[in-house]
Amino acid sequence: MLLSVKLSVLLQLVGVLAFPALQPYDSLAGLTRDEVDAFARSVKVVGGQPIPPPITDTSLKLVVDKDHQWKPLRAGDQRGPCPGLNALASHGWLPRNGIVTPGEIVTAVQNGYNMEWKRAVLVTYAAFLVNGNHLTNLLSLGGMSWLTGHAPPPPALASGLNTHGTFEGDASLTRSDAFLGDNHSFNETLFQQLVDISNKVGGGKYNASAAAEVRFQRVQDSIARNPTFNFANPRFNTAFVEAVFPIVFFIDGRLRAAGETGLDLKVMRGFFEDHRMPKDFHRRGTAAHDYIPGFNNGSVNNFVADPNFMGTQTELVCALYEKFVNSTVALYPNPHGALRAALNQNLDNFYVAAEAHCDQIKPYN
């Protein structure tokens, strides 16, 4: 039915300038199904949407089933700096063209990796607030795309996860700093450094020891070569989360249940370079929970945070929350109408993940 709608009618709804790759006489028939669906969603204001509920099945589970086989990229498919999201798109847990809604991400990272729901909400809406299109409720996993719809007025970006200095940051494990070149494509040189370190200190696997050393070496490299290097909070904290993410989520759940704590380097290359899970990949059997280093202070049930740690969980969550709310205000200083309503909804969604730790900030109320 969608293909029977005249393109000229659709273009009257959104304006030709919103989709410069299409002209009024073009046909939708040449587009993929994902592209047609994305175009159809982009012709109207969707606005902010409620967060999907937590998944009910958090058991050890096959992820690469018959409906979620890996497929190679097609021309125009968007992939970016996050290997976890890239793999979910290439296996069909997210739209394979890489144009997604925040709700789709929240559900996909639970289904694919058994990420705890509030953690999924926190990272998803942090990224969407600064890189997504709030009117169409769409985000590119990579660079700017006309499939996300009308661009908002400057200084807003809606330019996807590749955008430097919003959600993506310096000293990535396998991507170059933006100042030094391509900040979103797999870098073979950096991955080989990771392999060398893993062989040296991780016993041939990417484990906690390897992660700590790789993180240190990447920071030192950026300090030495990038005059614009920025490792202030929240990037300081998210960089360490990024370093352990593969250990937590990319180790097969069956191996983890048997006590495995290191990620096979061939499996890691599959995720990072090819956006590909092993053919029989099972997610972990229980959702990951947040915790921090510390100790019982002289008695049971008297746990206190390690004072040498980079911050308490509340401090970390609140710093992240405040940072991205303030970044959103900088990008959208004076929104009106549907844009304002969408921003308020998405800010409310973001706060759900922080409500146990922080007071809500309501910049547009």
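Me: What is a nonpolar core, and which residues touch the most other members of the largest one?

Reply: A nonpolar core is a set of buried Ala, Val, Leu, Ile, Met, Phe, Trp, Tyr and Cys residues joined through side-chain atoms within 4.5 Å. This is a predicted model. Its largest nonpolar core has 71 residues, and those touching the most other members are Leu88, Leu94, Tyr206, Met277 and Phe350. Helix α5 (residues 117-131) gives the largest share of this core, 10 residues.

Me: Which residues does Met277 touch, leaving out those up to four places away in sequence?

Reply: With those left out, Met277 is in contact with Val63, Val64, Ala87, Leu88, His91, Tyr113 and Phe271. There is also a second, separate core of 5 residues, among them Val219, Phe229, Phe231 and Ala239.

Me: Where is His275 found, and is His275 buried or exposed?

Reply: The loop between α10 (265-274) and β6 (282-283) holds His275. His275 also has a positive phi, near 60 degrees. Buried means under 20% relative accessible area, so His275, at 9%, counts as buried.

Me: How do I check the length of a helix, taking α11 as the case?

Reply: Compare the expected span with the distance between the end C-alpha atoms. Helix α11 (residues 313-331) has 19 residues and, at 1.5 Å a residue, should span 27 Å. Its end C-alpha atoms are 27 Å apart, which agrees.

Me: Which residues of α11 are buried, and what do they pack against?

Reply: The buried residues of α11 include Val317, Cys318, Leu320, Tyr321 and Phe324. The buried residues of this helix pack against α5, α8 (235-249) and α12 (337-352).

Me: How many disulfides are there, and which cysteines does a disulfide join?

Reply: A disulfide is a pair of cysteine sulfur atoms within 2.5 Å. The count comes to 1 disulfide. Cys318 is joined to Cys358, with an S to S distance of 2.0 Å. Cys318 is in helix α11 and Cys358 in the segment after α12, 40 residues apart, so the pair links distant parts of the chain. The torsion about their S-S bond is about -110 degrees, so the disulfide is left-handed.

Me: What is the relative accessible area of Cys318 and of Cys358?

Reply: Cys318 has 10% and is buried; Cys358 has 8% and is buried. Cys82, at 27% relative accessibility, counts as partly exposed.

How values were computed:
Residues are numbered from 1 along each chain as its sequence is written. This is a predicted model: local features need pLDDT of at least 70, side-chain atom pairs count only at pLDDT 80 or more; totals for chains, interfaces and linings use all residues. Side-chain values use heavy atoms; hydrogens and water are left out. Buried means under 20% relative accessible area, exposed over 50%, partly exposed in between (1.4 Å probe, protein chains only). Helices (H or I, at least four residues) and strands (E, at least two) are DSSP runs, numbered from the N terminus. Contact means heavy atoms within 4.5 Å. The expected span of a helix is 1.5 Å times one less than its number of residues.
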